[in-house]
Amino acid sequence: MGAVLGIVYRVIATHLIRKAGISVKRARTGAVTLIQRFGGALNLNVHFHMLFLDGVYVEGPEGSLTFRWVKAPTSAELSALAQHIASRVGRF
């Protein structure tokens, strides 16, 4: 489950960083995740609830951090992200 969570986080974080127009080496984002193991009827239904920052922190030349806001994803971007995550998890 930890490996799958890592895949999901990396795909979404990379998308946010690229959408901000920054290189992956210079920017970071963050998220909080709750792993829910059961559905409402106590059935096994493992899934993640993730809360991501709505932007990225960019490191300046002297080490200072600046927050750069990113627009909300479009429906097409969400579909592409879901497909990319499914493909990466499937390969894993």
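Helices (H or I, at least four residues) and strands (E, at least two) are taken here as DSSP runs, numbered from the N terminus. On that basis, the protein chain contains two helices and five strands, and from the N terminus on these elements follow the order α-β-β-β-β-β-α. The model is a predicted one, in which local features need pLDDT of at least 70 and side-chain atom pairs count only at pLDDT 80 or more, while totals for chains, interfaces and linings use all residues. Residues are numbered from 1 along each chain as its sequence is written, and side-chain values use heavy atoms, with hydrogens and water left out.

The C-alpha trace of the protein chain spans about 50 × 25 × 25 Å along its principal axes. Of the 92 residues, 24% are buried, where buried means under 20% relative accessible area, exposed over 50%, and partly exposed in between. Among contacts (heavy atoms within 4.5 Å) with a separation of 6 or more, 49% join residues 24 or more positions apart.

Leaving aside neighbours within four places in sequence, V56 is in contact with L16, I17, A20, A27, R28, T29, T66, F67 and R68.

The two helices also meet each other. The axes of helix 1 and helix 2 come within 10 Å and cross at roughly 145°; axes are lines fitted to C-alpha atoms, for helices over the stretch in contact, and angles run from 0 to 180 degrees between N-to-C directions. Helix 1 contributes V4, I7, V8, R10, V11, I12, H15 and K19 to the contact, and helix 2 contributes E77, L81, H84, I85, R88 and V89.

L42 lies in the loop between strand 2 (31–38) and strand 3 (44–52), and its phi is near 60°, a positive value in a residue other than glycine. L42 counts as exposed because its relative accessibility is 68%.

Key
Buried means under 20% relative accessible area, exposed over 50%, partly exposed in between (1.4 Å probe, protein chains only).
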